[in-house]
Amino acid sequence: MKDIKVKDEDLKTQNVLSEGMDRRAFLQKTTMVVGAAMGASLVGSLTSLPVSAASNSSIIESKKVKPKLVFPVISDVHMNKNSNQTLEKFKTTLDQLNLLVPKQDAFVVVGDLTDNGYTEEYDKFFSTYNAKKQKHAVSLIAIGNHDYWNGLSVSEAQKRFLERSGMESIYFHKVIKGYHFIILGTEDGLTEGTFSVTQINWLAEQLKQAAQDDPNKPIFVFHHQPIMGTVYGSEWGFAKNRDLFYNTLAAYPQVISFSGHTHYPLDDPKIIHQKDFTSTGTSTGAYLWLDAGRIQGEVPEGADILNQALIVEVYNNKVLLKRRDIHNNNWTAEPFEITLPANKNEFIYTEDRDKKAPFFTKDALISINHELTTPTSLAVMFTQAKDDLLVHDYKVEITDSSKGQKVKEFLAFSEFYKDPIPNPLTLQIDGLQPNTLYEINVFALDAFGNQSQNALKVLGKTIDGEIKDITITLSKNTLTGTTETVDVLVENARVPQGDWIGLYEVSENPGNVPAIWWEYTTVTNGTYRVTYDPSKNSYPGRYQSGKTYKFVYFYGGGYDAVTHATFTVN
């Protein structure tokens with residue numbers, strides 16, 4: 001995963017967006033509605049949106065014919081030595097997959113077994129894996145960037161991985177029941193990943209051998225970081241030797257490439273990509289990550305809920321990639337179906353495959369939630385739009401009605417990653433002026449960027465009041481030793497939207513290094529309180545006497561710093 005603040009421990013669910021408001025409450029809170037069919041029946045307009053398809057046609061069909069080969073694929077387990085959260089999720093994953101696939105031919109892990117590559121983390125992973133793995137399933141395990149983050153040299157980190165995993169090399173080639181599996185290994189701990197020319201040339205030889213063996217069979221290739229410009233989330237992929245890597249695979253349309261690293265969910269249709277070959281992401285067994293630029297943040301509240309896996313079934317004429325919500329114990333959407341023998345002129349999961357825009361139905365409603373109105377913010381609540389594949393985002397435009405001038409525009413996730421998807425959806429609009437009337441327009445966008453022609457519109461007015469800056473106050477500015485605690489008070493904070501606070505060396509730029517300590521904020525009446533305890537530091541070696549540190553308050557799941565406060569450790 002990315003070199004950022006996120007750890008799996010203590011991710012807090014504190015979703016302020018309404019997921020369960022009933023229809024009566026919605027109507028009671030409804031204010032001036034523009035363009036909504038108020039007389040239309042509400043039946044079916046406010047129900048939660050389904051995200052699973054447990055009885056879809058491909059799954060039913062696949063039960064009639066026994067697959068020639070079947071194997072699960074998981075990634076980014078992020079076993080952590082200080083928490084058992086991902087350990088318990090890993091146990092659930094293995095138990096559920098064993099029930100679904102009682103006769104596995106292989107079991108694949110696409111990197112980031114551990115959070116830091118510590119011995120204790122490998123012990124947690126493999127004590128559980130070895131106890132639950134199926135005897136005849138071949139273990140195929142790739143190394144990820146987090147598996148290098150143990151302070152060892154690259155060679156020593158790789159040695160530890162090989163000793164603990166039992167793999168023969170960080171990249172290797174196996175043939176299972178006549179099908180070729182090529183496992184690649186990122187060669188250092190860089191977030192974007194490194195695949196050397198030497199390894200790529202080796203890959204070329206393995207692909208050649210596999211194609212000569214049987215050109216009609218799929219060739220399975222596994223690597224932790226995605227190839228930039230392919231699957232959903234591949235902006236987090238590798239740039240160095242990217243074209244050489246891609247072009248090496250492009251000669252073989254029968255390649256099906258699996259990558260991890262991004263933590264992007266399997267629910268999004270762009271998680272699979274076909275152009276010269278097939279690529280797919282594999283989600284995560286730890287915590288959700290999403291694309292930047294939405295108000296919920298890249299790591300929204302409840303992100304630690306996500307736990308997904310792929311189940312791959314191979315038949316004579318097709319490969320099925322079944323998407324499993326482990327956390328929901330159900331399938332999510334239709335399986336991806338790849339026709340055999342592969343012909344790139346017949347690929348269906350192409351970048352331009354979706355031209356249909358989402359739309360709001362005629363009975364869709366929108367309102368202002370007055371309980372969340374402040375001098376600087378409004379909360380808009382509306383019926384979710386429809387789409388043939390997936391509503392991914394909403395574009396929200398805010399206009400000052402008195403001036404006729406657009407003052408703000410932002411994107412927000414449809415929260416498609418939740419089970420069930422909330423409907424109606426509530427979005428908080430911040431950064432407004434007191435005692436001002438605004439017109440709010442909401443457009444829907446699908447996963448491919450198609451925008452709805454119609455929009456929902458509503459008027460809302462902020463209340464009168466003073467705008468106050470957000471501040472951090474510490475109970476002391478000088479600490480005695482590295483074990484003393486300090487009380488942290490944040491005032492005038494907004495209702496959190498993935499907001500968090502982190503600790504850094506005063507000279508460090510957040511984002512360049514992970515936070516020494518961090519947590520999501522829980523705000524009551526504009527106030528957040530926490531007692532910072534150095535014993536809970538994620539990176540204790542960076543917290544030392546004689547140095548100055550800063551608490552930084554961030555909006556969203558990224559690094560939008562709002563304010564900070566410093567202290568010194570004597």
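Entry 1, ground rules. I number residues from 1 along each chain as its sequence is written, and I use heavy atoms for side-chain values, leaving out hydrogens and water. As the model is predicted, local features need pLDDT of at least 70 and side-chain atom pairs count only at pLDDT 80 or more, while totals for chains, interfaces and linings use all residues.

I looked up how H4 (residues 119-132) packs on H5 (residues 154-165), and found an angle of about 25 degrees with the axes 10 Å apart; helices here are DSSP runs of H or I with at least four residues, and strands are runs of E with at least two. The axes are lines fitted to C-alpha atoms over the stretch in contact, and angles run from 0 to 180 degrees between N-to-C directions. The contact (heavy atoms within 4.5 Å) is made by Thr119, Tyr122, Asp123 and Phe126 of H4 with Arg160, Phe161, Arg164 and Ser165 of H5.

I traced an open sheet of five strands in the order S23-S29-S28-S25-S26, with mixed pairing, where two strands pair if DSSP finds at least two bridges between them. S23 (478-479) and S26 (517-520) stand at the edges with a single partner strand each, so one side of each lacks a neighbour in the sheet. Within it, S25 (residues 500-505) and S28 (residues 547-555) pair in the antiparallel sense over six bridges, and Tyr504 stands opposite Lys550 in S28.

In H7 (residues 242-250) I noted Arg242, Phe245, Tyr246, Thr248, Leu249 and Ala250 as buried, meaning under 20% relative accessible area with a 1.4 Å probe and protein chains only. Their cover includes helix H6 (197-213), strand S7 (219-223) and strand S8 (255-259).

Definitions and conventions
Buried < 20%, exposed > 50% of the residue type's maximum accessible area, 1.4 Å probe, protein only.
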